[in-house]
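These notebook entries record what I looked up in the structure, entry by entry.

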Amino acid sequence: KEDVGLELHKGKTIIIPSFAMDRSQELLYHLRDITGSKIYYDTKSGNLILPIYQHSNKLYKEAKLNFIPINCENRDEVYGNSSAKIIVTSSGMCNGGPINEYLNLFLEDEEAVFMLTGYMSPNTIGGKLYHGSKKIYLKGKPKDVKAKIMTYDFFSAHADERSLLRWISGWKTNDKTQIVLNHGEIEGSTMAFKHTIERKQRKDETTIEGKVSIAMLNRSIKI
């Protein structure tokens with residue numbers, strides 16, 4: 001929030017790519033005390049989901065969120081605002097959704113700041129920005145990255161190895177349990193995590209029992 005305040009004080013436009021569900025609502029909650037600059041919330045799914053959070057979650061129910069809902073019909077309001085502002089929009093990894101409109105408009109703008117708030121897959125536009133690419137291709141056309149790119153990891157929904165081990169250790173497992181790992185980089189973190197569990201099992205350093213396997217494309221796993 002301190003960085004947001006500093007950039008707004010400089011008159012910058014801040015664009016925060018975000019997953020429509022959970023991450024974007026969490027960002028709105030943390031930005032609720034921002035004053036003097038408009039916060040635009042441009043995600044169709046996020047605007048549909050937010051009322052559920054406000055109805056069901058005490059934290060959101062009691063919070064006074066400060067934002068303007070945006071969609072393709074009123075996006076001109078954002079384009080016409082030359083003042084310092086915040087745009088929270090999807091998709092989180094910048095590979096689709098309204099973020100493409102803002103990338104096209106602001107990526108070459110030195111007065112813009114893109115704040116990346118969590119894990120970015122390396123092959124996505126967000127991943128390329130995260131890792132310092134100076135040129136990005138949007139719909140086949142090159143864009144020089146002149147906007148400021150700021151990165152943060154504390155909003156990531158991806159648990160680290162220690163957190164995953166603690167979570168799985170809470171299961172009731174036995175020698176017939178199957179643990180299937182998915183959604184990671186197979187030759188990297190996923191394989192390393194598989195080896196960690198198996199090593200701890202061999203050394204009797206964990207309560208986790210059962211066989212560990214990795215989900216792969218075009219490969220069947222018998223359950």
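**Entry 1: Asn123**

I began with Asn123, which counts as exposed because its relative accessibility is 69%, over the 50% cut-off. I note here that the model is predicted. I located Asn123 in the loop between β5 and α7 (125-130).

**Entry 2: strand β1**

I then listed the partners of β1. Strand β4 (residues 85-89) runs parallel to β1 and is joined to it by five bridges; within this pairing I found Pro17 opposite Thr89. Strand β5 (residues 112-116) is also parallel to β1, with three bridges between them. On that side I recorded Val113 as the bridge partner of Ile14.

**Entry 3: nonpolar cores**

I looked up the largest nonpolar core, which has 25 residues; Val4, Ile14, Ile16, Leu31, Ile86 and Met115 touch the most other members. At least two residues of this core come from each of α1, β1, α2, β2 (38-42), α3 (44-56), β4 and β5. Apart from this core I found another, of 22 residues, including Met93, Leu103, Leu107 and Leu116.

Leaving out residues up to four places away in sequence, Ile16 touches Leu27, Leu31, Ile86, Ile87, Val88, Thr89, Met115 and Thr117.

**Entry 4: the second largest pocket**

I recorded a volume of about 240 Å³ for the second largest pocket. Its lining consists of 13 residues, and those closest to the centre are Lys1, Val4, Leu27, Phe154 and Phe155. Which helix gives the most to this lining? I found that α1 does, with three residues. Both α1 (2-9) and α2 (23-30) supply at least two residues each. By residue class, I noted eight nonpolar, two polar and three charged residues in the lining.

I also note that Val4 is listed in the largest nonpolar core among the residues that touch the most other members, and that Val4 is one of the residues closest to the centre of this pocket.

I examined α9 (residues 186-202), where Thr196 lies. Is Thr196 buried or exposed? I recorded Thr196 as buried because its relative accessibility is 5%, under the 20% cut-off. Beyond its neighbours within four places in sequence, Thr196 is in contact with Glu161 and Leu165.

I listed the buried residues of α9 as Thr190, Phe193, Lys194, Thr196 and Ile197. Their cover includes α8, β9 (178-181) and β10 (211-214). After α9 comes Asp204, and I noted its positive phi, near 55 degrees.

Last, I looked up Arg166 in helix α8 (residues 161-169). Arg166 counts as exposed because its relative accessibility is 55%. I recorded a C-alpha to C-alpha distance of 9.7 Å between Arg166 and Thr206, which are 40 residues apart in sequence.

Conventions
Residues are numbered from 1 along each chain as its sequence is written. This is a predicted model: local features need pLDDT of at least 70, side-chain atom pairs count only at pLDDT 80 or more; totals for chains, interfaces and linings use all residues. Side-chain values use heavy atoms; hydrogens and water are left out. Two strands pair if DSSP finds at least two bridges between them. Helices (H or I, at least four residues) and strands (E, at least two) are DSSP runs, numbered from the N terminus. Buried means under 20% relative accessible area, exposed over 50%, partly exposed in between (1.4 Å probe, protein chains only). Contact means heavy atoms within 4.5 Å. On a 1 Å grid over the protein atoms alone, a cavity is a set of points where a 1.4 Å probe fits but cannot get out, and a pocket is an open set with protein on both sides within 12 Å along at least five of seven lines; lining residues have an atom within 4 Å of a point. Grid points are joined across faces, edges and corners, and a volume is the space filled by probe spheres set on the points. Ala, Val, Leu, Ile, Met, Phe, Trp, Tyr, Cys and Pro count as nonpolar, Asp, Glu, Lys and Arg as charged, and the others, Gly among them, as polar. A nonpolar core is a set of buried Ala, Val, Leu, Ile, Met, Phe, Trp, Tyr and Cys residues joined through side-chain atoms within 4.5 Å.
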